[in-house]
Amino acid sequence: MVVKPAPESPLDCYLLAESARRGRCTRGRRVDRRRRPRDGRAPGASPGRRQGRLHRLHRGRSHDRRDLRSADSSVSRWSLGGKSAAIILDDADEATAIEGLKFLGVMNSGQACVAQTRVLVSRERHDAFAASLAAAIGAMKVGDPLDPATEIGPMVAQRQQERVEKYIALGQEEGARLLTGGNGRPDGLDRGWYVRPTVFAGVDNRMRIAQEEIFGPVLSVTPYDDVADAVRIANDSDYGLAGTVWTADPEAGLEVARGVRTGTYGINTYTMDFAAPFGGFKASGVGREFGPEGLAQYTEAKSVYLSAPPL
């Protein structure tokens with residue numbers, strides 16, 4: 001058994017090794033805890049050229065995408081990030097949608113591949129909804145993740161904190177309107193890799209903050225003209241992992257869900273079901289995990305042909 005830990009959290013391998021020791025793991029197997037290069041590559045050859053038949057990659061690093069192009073994707077499963085859009089239809093209840101986005105937009109401090117970081121609102125509701133969303137996100141408690149009252153914790157590493165802050169500065173340079181947050185440490189936090197939860201309004205979907213995965217608590221609110229335009233904007237992305245639509249009409253929500261090209265989608269919610277396949281389209285990955293489709297990838301089909309009986 002070879003375990004490839006994230007460089008920011010290598011100690012969890014010891015917990016796995018201890019579990020294997022206490023369980024029924026075959027004696028003589030070992031957990032490989034070798035350190036990895038700083039860019040996150042596994043020890044040895046690139047993932048796409050490894051001897052193993054089935055492997056996974058997570059997050060959208062550029063070398064992951066190069067390996068994806070070089071690998072045989074028919075025997076691989078890749079999860080490479082997302083830039084998911086939450087579409088707010090005009091009949092949606094504002095309070096319900098904002099309460100949902102408080103979790104879906106900044107879950108795990110925004111460090112989630114399925115985070116709904118693009119919020120699409122009709123032009124008529126854009127300013128009022130964006131202001132309410134900014135007030136809700138700005139009021140969330142940022143602090144020690146061990147404190148039960150904390151809603152948003154720190155970034156996983158200093159380099160991620162710096163990356164998020166660069167995108168916040170970039171959003172202002174691109175002309176997006178900053179409603180809450182911005183660069184600098186949250187009040188009362190003079191140490192740790194924290195960033196201010198940030199909401200931009202009036203975001204053009206061509207801006208980098210709308211197209212590139214930031215992986216932090218940064219939300220972009222973009223206006224749309226009609227539902228068809230909302231679907232077009234949602235699909236105008238290199239990614240296709242997740243998304244949501246918020247509406248009082250489930251049938252209208254289903255119609256939107258059919259039009260948005262993502263591997264998973266939610267109507268007035270987003271909850272992963274481990275009995276259903278999970279994965280993405282486009283740059284968000286290849287293959288599925290969970291559900292029958294995920295199990296099927298551990299198998300290889302075999303055909304057996306019999307001679308036909310004489311007529």
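## Ile 267 in strand β10

Ile 267 is placed in strand β10, which spans residues 266–267, in a model that is predicted. With a relative accessibility of 27%, Ile 267 counts as partly exposed, because the class of partly exposed residues lies between the buried limit of under 20% and the exposed limit of over 50%.

Once residues up to four places away in sequence are set aside, Ile 267 touches Val 245, Thr 247, Pro 250, Gly 253 and Leu 254.

## The aromatic cluster

The structure holds two aromatic pairs. In one of them, Phe 274 and Phe 290 stand edge-to-face, with 4.9 Å from centre to centre and 90° between the planes. This pair links distant parts of the chain, since Phe 274 belongs to the loop between β10 and β11 (281–282) while Phe 290 belongs to the loop between β12 (285–286) and α9 (291–296), 16 residues apart. Phe 274 counts as exposed, at 56% relative accessibility, whereas Phe 290 is partly exposed, with a relative accessible area of 28%.

Phe 290 also pairs with Phe 278, and here the ring centres are 6.3 Å apart and the planes stand at 45°, so the pair is tilted. Phe 278 lies in the loop between β10 and β11 and Phe 290 in the loop between β12 and α9, so this pair ties together parts that are 12 residues apart in sequence. Phe 278 itself is buried, its relative accessible area being 8%. Taken together, Phe 274, Phe 278 and Phe 290 form one aromatic cluster, in which Phe 278 is buried, Phe 290 is partly exposed and Phe 274 is exposed.

## Packing of α3 against α4

Helix α3, comprising residues 94–104, and helix α4, comprising residues 123–138, pack with their axes 10 Å apart and at an angle of about 45°. That angle makes α3 oblique to α4, and the crossing of the two helices is right-handed.

On the α3 side the contact involves Glu 94, Ala 97, Ile 98, Leu 101 and Lys 102, and these meet Arg 125, Ala 128, Phe 129, Ser 132, Leu 133, Ala 136 and Ile 137 of α4. Sorted by class, the residues of this contact comprise eight nonpolar, one polar and three charged.

Thr 150 is found in the loop between α4 and α5, the latter helix covering residues 158–174. Thr 150 is buried, with a relative accessible area of 16%, because buried residues are those under 20%. When neighbours within four places in sequence are left aside, Thr 150 is in contact with Lys 141, Gly 143, Asp 144 and Pro 145.

## The protein as a whole

The secondary structure of the protein comes to nine helices and 12 strands, and buried residues make up 45% of its 311 residues.

Conventions: Residues are numbered from 1 along each chain as its sequence is written. This is a predicted model: local features need pLDDT of at least 70, side-chain atom pairs count only at pLDDT 80 or more; totals for chains, interfaces and linings use all residues. Side-chain values use heavy atoms; hydrogens and water are left out. Axes are lines fitted to C-alpha atoms, for helices over the stretch in contact, and angles run from 0 to 180 degrees between N-to-C directions. Helices (H or I, at least four residues) and strands (E, at least two) are DSSP runs, numbered from the N terminus. Angles under 35 degrees count as roughly parallel, over 145 as roughly antiparallel, 65 to 115 as roughly perpendicular and the rest as oblique. A crossing is left-handed if the near helix is turned anticlockwise from the far one by less than a right angle, and right-handed if clockwise. Contact means heavy atoms within 4.5 Å. Ala, Val, Leu, Ile, Met, Phe, Trp, Tyr, Cys and Pro count as nonpolar, Asp, Glu, Lys and Arg as charged, and the others, Gly among them, as polar. Buried means under 20% relative accessible area, exposed over 50%, partly exposed in between (1.4 Å probe, protein chains only). Rings of Phe, Tyr and Trp (its six-membered ring) pair if their centres lie within 6.5 Å; planes under 30 degrees apart count as stacked, over 60 as edge-to-face and the rest as tilted.
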